[in-house]
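Thanks for coming. I will go through a few places in this structure, one after another. Please have the sequence and the model open while I talk.

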Amino acid sequence: MMNLIQSITSKTPPLPLFSTEESRQASGAAEASGATSGTVNEKSEKKVRMETHDLTVRYGSTVGIRNVSLPIYDKQVLALIGPSGCGKTTYLRALNRMHDLTRGATVTGSVLLDGKNIYDSEVNPVNIRRRVGMVFQKPTPFPTMSIYDNVVAGLKLVGIRKSSILDEVCERALKQAALFDEVKDRLKSPGSSLSGGQQQRLSIARALAVDPGVLLMDEPTSSLDPQSTNRIEDLIHELKKQVTIVIITHNMQQAARVSDQTAFFYVGDLVESGPTNTLFTKPKETRTEEYITGRFG
Amino acid sequence: MNSDSETPNNGSKEVRELLRRPPSAIYRWLGDRIFAIVVVLLGFSIIALGAAMAIVLYGEGSLSFRQFGFFGFVSGTTWDPAVKLSFGALPFLIGTVVTSVAALLISFFPAIAVAIFTAEYAPRWLAGIIDNLIQLIAAVPSVVIGIWGIFVLAPWLRDTVYLPIFTWAETSYPALLPILGNPMGYGMATATIVLALMIVPYTTALTKDAIKSVPVEQREASRALGATKWEVIRMAVLPYARGGILAGSILSLGRAIGETMAVAMLIGNKNTLPFTIFGAGATMPSVIVNEFREAVESLHLSSLMAIGFTLFIIALIVNLAAAYLTRKFSVKGGQVL
Amino acid sequence: MKTMLQRNIRDRIMESLLVISTIVVLLPLVIIIVHVIVNGISALNWDFFTQELGSPSRAMQGRPTGLVHTILGTLVVDLLALLLALPVGMGAGIMLSEYPDHKLNPTIRVTNDTLNGMPAILKGLLAFVLIVKPMGSFSGLAGSVALAFVMIPIIARTTESALMSIPWSIREAGLAIGLPRWRVVLSTVMPAARFGLVTGTLIAFARAAGEAAPLLFTSFGNNYLPNHWLGMLLGPVDTLPQRLYSLAISPYTHWHSMGWAAAIILLLFVIITFGTARYLTRQKN
C-alpha cells in the first residue's frame, strides 16, 4: 500500500495531487477524517496533543514568527512548509523550548502540551524535552559512543543504569527506527561507523528511546540520498501510530506523501493550515497556491 | 618599441612591462633563482640546527657515555663530581619524571575547569579577561616565578603546609616521616606545585580551542534529549574535545620536563636518591644549571652534556608521542579518526 | 533513577567547582604580580639605572650600586639575537609558505616543531659548544646566538602561518603584472602579512628575552660594564634574566631587593610586548 502511494506521487506533478480516498485507506491509521472538503466533523474526532496560541518568537527586535495558533493532532503527522526563512524552524523549536538556549530570543503566547503550557514558570524545560523529542537535519550520533550507548544516552541521563532495562529499550527503539536488523550484531561499534541514512535512523532511535509522545523532525531527509529518504518516510508512516510527529520539509512531495495535516508559513506568519490533501488540492489562500505551484520559494 | 613619452594612457605601466618582457626574463629568472637558493638554504638551516643539537650533545657527552656505557650512565645512581668522579643520571631522570608527571596531574583538572568555564559559562567580557590572564601566566619569565618562589611561596608552604603535616606525622604516624622528608620549603613538593601553575596555560588553551570547535549540532542533539547544561558538556562536548585535551596535556608535560629556572631555584639541589616529598631533589635541567658553571673536569662537564642529551631524547619522544596520540584520539567531522 | 532535583544540584555543584578552580588558578598570578611590585619598587631608584653592580661589599657598605650594565647588556644581546634570528626564521617561513611543494618541507616542519618544544637550556648548551668553546671565553655574541636559537623556530612558525593566510589571489595578481616571483613575495605578500609577521616577531622576542638558562653558559654575566662596547660582544656580559637569578640566590639582602626590581622590569617588558602583540592581532581582525 505504501509503495502504491509512493509510486503515484513520484510520478505526478506537484499539483494537482492524488485523491484522498486512497491515501486515507492506505495509511490504515486511526484517522477518522475522510472527507476532502474539511467539514467540521473532522475536528471532533481528532484529539489535540499539542497546540500553540498566539505564539510569537522574537530574536532581539526581529520577529521570527507572529501570532501562530495551530493545533497538532495526536498520532498524526503535521508538515510545516514554506520558503526559506519563513519561520518553520523557529516554530518547531518553540515546541520543545530550544529557544531557551538562544541569546536574545523571546517567546510570547502559549504552547500547550496535553493541555498544559510548557512555558509556565514552574515547568522545567529539561522535562519537556524528554516528552517532545527532536531530530535534526544533519544526523548527529555522538561519535565517541557506540551505537548502543548512543541509543540509551537519554536513559542514562535520568539515571537508568540497569543493563536489562537498557538492553530492552535499545532493542525496542532500534526496531521502531527500522535499524535493529542492520546493526544488531554490532551494537558496540562506534555510532559514526554507519552510513548517513543509518546515522539518521540512529538519531531517531535515540530520540525514541526516552519514549516521547511527540517527535519533532527538522528536514530529516534533506541531507540523505533517495533510498534513505524513502526508508525514513516509510518509518514515519509506521511511527505515527505511536508518536505524534511534526516535520519540516522543503520538499512538497514529501509533505504530501507523509503528512496528514500541513501548515504553510510565509515570512513569519501562518498563512494556512489544514488537512494535507485539502491544502494541496484546494488551497484557500493565494499565497499558498502560488507557493505550491512553484511560483516562488 | 614605444619610448616612454609615447605610451598610451590606460594601463601604460602594464603595457610597458609587457613590452619589456623579453630582455627582463633573464633578470627575473636570475633573481628568482638566487631568491630560491637563499630561501631553501635558510629553510635547510632549521634541519641543520636540529641535527647540530643532537650531534653536539651526543658528541660532548660521549666521553661520559663511553666511560659508563649509555645505559650504565642513564641508570647509574651515584652523582659524585668530588670524590669518586662517578656519574649516573638516574636521580635526575627520576626527579624530572616525578615532578613533571605530578605537576601534570595536579594541574589537569583545574586547567580543564578554566577552559570549560571560559568556553561555556562566563560572559564574553569575563572570558576575555581570563584568557589574557592565563596567557600571562605563560608569558611570565621563569626566573620571576623563581624569585617569588624563593622569598614568598617556599617559606609560606613550609610554615602553612609542610611543618604542620610534619609535626602531625611526628606524633601520629611516624612511619610516614621517611617519605615526607625534611620540610625546609625548598624541595620536590614546592617545585612540583610551581610547575603545576606554570603549565596550566597549555592545557587550558588547547582544551578551550577543542571545546569551541565542537559542532553546535552535537550540543543541540544532547539538549533535545533532555540534558542539563552540565550534562551536555559531559555527554557531548568533552568527549568530542578529547583530542585537544590530550594534546594540551602532553604539551604541558613537555613544558614541565624542560622547565629550568624556577625548578632550579626551588628544588633544593640534592643529587642523591632517594628523594622525599618535602625534601630536596633535582631534575635534569636543574642539575645542569647548578653545576655547569663550576664544572672543571672534562668528565664532569661531559656528564652534564650527557644529561643534556638524555633530556633531548626525552623531549623528542614526548613531542612525537604528542603528535601520534593526538591524531589517534581526535574527532574530526563527526568521524573518530 | 536520578531525580530532576539531583541533576540540578549536580549542575550547580559543577558550576561552583569550575568557578573555584578558575580562581585558584588565577590567584597566584595576581599574588606574584603584587609581590613583585611591592618588593621591587623601592629599589627602582636613580642608582639602579645608572650604577654598575660591583662586588657585594658595595651593597653591604651602602655604596651606590645598580644594574645599568645589565640593562644595556640585555638590550645589546637581545637585539643582536633578533638580527641573527630574523633572516633565518623568516627565510624558513617563506620557504614553507611560498614553496609548498619542496620536498624538504615536511622534514623542516617536523624539525621546527620539535625545536620549538625543546627546553631553552639545550639551546644554550649548543651555543656554548659552537661559540664559547672555540672563542675560549664567554661572550655576548654567544648569548645572542643562544637566544637566536630560541627565537628561530618561533619566527619560522609564525611567519609561515602569517604568509599562508594571505590568499593566493594576491600572488596571482603580482605575477599577472609581470613581477618576478621573488618580487611578489617580498613586495606584495610580505607587506600584506605585516601584522602577522610583526606579531610573531614580538612574541619570539618576548619569549627569548625572558630566558635565563641559555645565557648562564654563554654570556655568563658580568658585574661591571665592559670598557669598550665591543667587549659586550667578545667578553662576558650581564643580562637581566641571568642577573635576576644570581641576585635571588645570593646571600645579600640588598641584592635581593635589586632582584625584585629586575623582576619588575622583566615583567613590565613581557606585559607590554605580549600586550602589543595581542592588540595588533585584534586590530587586524
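Let me begin with a term: a residue is buried when its relative accessible area is under 20%, exposed when it is over 50%, and partly exposed in between, using a 1.4 Å probe and protein chains only. This is a predicted model, in which local features need pLDDT of at least 70 and side-chain atom pairs count only at pLDDT 80 or more, while totals for chains, interfaces and linings use all residues. Residues are numbered from 1 along each chain as its sequence is written, chains are lettered from A and ligands numbered from 1 in the order in which they are written, and side-chain values use heavy atoms, with hydrogens and water left out.

Chain B comes first. S142(B) has a relative accessibility of 13%, so S142(B) counts as buried. S142(B) is found in helix 6, residues 142-172 of chain B. Helices (H or I, at least four residues) and strands (E, at least two) are DSSP runs, numbered from the N terminus. Contact means heavy atoms within 4.5 Å. Not counting residues up to four places away in sequence, S142(B) touches M198(B), E259(B), M261(B) and A262(B).

Now another serine. S303(B) lies in helix 14 of chain B, residues 298-329. Is S303(B) buried or exposed? S303(B) is buried, because its relative accessible area is 0%. Leaving aside neighbours within four places in sequence, its contacts are S64(B), F68(B), F73(B), W79(B) and F87(B). With S64(B) there is a polar contact of 2.9 Å between the side chains. A polar contact is a pair of N or O atoms within 3.5 Å; within protein, one must be able to donate a hydrogen and the other to accept it, and residues adjacent in sequence count only if both atoms are side-chain atoms. S303(B) and G61(B) are 242 residues apart in sequence, yet their C-alpha atoms are 5.9 Å apart in space.

Next, chain B against chain C. The contact takes 78 residues from chain B and 83 residues from chain C. Buried area is the accessible area (1.4 Å probe) that two parts lose on being put together, summed over both. Here that area is about 7,100 Å², with carbon and sulfur atoms giving 78%. A salt bridge is a side-chain nitrogen of Lys or Arg within 4 Å of a carboxyl oxygen of Asp or Glu. How many salt bridges are there between chain C and chain B? The count is three. E231(B) and R10(C) meet in a salt bridge through their side chains, at 2.7 Å, N to O. On the side of chain C that touches chain B, the largest share, 20 residues, comes from helix 1 (residues 4-40) of chain C.

Last, some strands in chain A. Two strands pair if DSSP finds at least two bridges between them. Strand 9 of chain A, residues 261-266, has five of its six residues buried, so the rest of the structure largely encloses this strand. Strand 3 (residues 77-81) of chain A runs parallel to strand 9, joined by four bridges, and I81(A) stands opposite F264(A). Strand 10 (residues 269-275) of chain A runs antiparallel to strand 9, joined by six bridges, and T262(A) stands opposite G274(A). In the hairpin of strands 9 and 10 of chain A there are two residues between the strands, and V267(A) takes a positive phi near 45 degrees.
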